[in-house]
Amino acid sequence: MKVMRPLQFLSTIPKVIVLNSGERDGDTEYAKTLETSLLNRYPSADVLTLCGKIEMEISQLPDDERKPFLEELGIEEPASNRLIRTCYQLLGLISFITVGEDEVRAWTVRSDTNAVIAAGKIHSDIERGFIRAEVISYDDFIASGSMHTAREKGLLRLEGKTYEVQDGDIINFRFNV
């Protein structure tokens, strides 16, 4: 693969094939048949089927109406979420979150990134003066309800420079410049 990388063959690039099916129930059977034939032809590709019209309607709905609409159609989550997750996985990317007093922000890094490099994604001074990172997983944070409660339960942990950042980590970097 290292020898072939500079040649930039299209066959070595990860592929996502997105099928736009109709709203009718009969279209889903046809879409499944088409999906199977595409997987046979392109075994390394990821194939996603969605209905563009329904996705457009979902995106235009207010937040309070979105969940009942999805339940009525029997859809667990919008296809855009699945597409984003699939693309992130193919590209080897993850997101970590920082929480400040006035903002919450997600940062995208490669999946094998350690804490120091992730800190540098925010600002080079944080990378240079890195001391340690306070880390909690997103699921633990949601279960505890607040950062204060998570700290009391002992769910917040201190990690060093070699800590490999995980997808969905909420991180507070401690640094001294």
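How much space lies in the second largest pocket? About 210 Å³ lies there, where a pocket is an open set of points on a 1 Å grid over the protein atoms alone, with protein on both sides within 12 Å along at least five of seven lines, and a volume is the space filled by probe spheres set on the points. This is a predicted model, in which local features need pLDDT of at least 70, side-chain atom pairs count only at pLDDT 80 or more, and totals for chains, interfaces and linings use all residues. Residues are numbered from 1 along each chain as its sequence is written, and side-chain values use heavy atoms, with hydrogens and water left out.

**View A. The second largest pocket and its lining.**

**View B. The largest pocket.** Its volume is about 560 Å³, and of its 21 lining residues the closest to the centre are Ser-21, Thr-28, Thr-49, Leu-50 and Ile-75. Helix 1 gives the most to the lining of the largest pocket, with 5 residues.

**View C. Phe-9, in the segment before strand 1 (16-20).** Phe-9 has a relative accessible area of 39%, which makes this residue partly exposed, because that term covers values between buried (under 20%) and exposed (over 50%), with a 1.4 Å probe and protein chains only.

Methods. Helix = DSSP H or I, 4+ residues; strand = E, 2+ residues; numbered from the N terminus. 1 Å grid on protein atoms, 1.4 Å probe; cavity = no way out; pocket = protein on both sides within 12 Å on 5 of 7 lines; lining within 4 Å.
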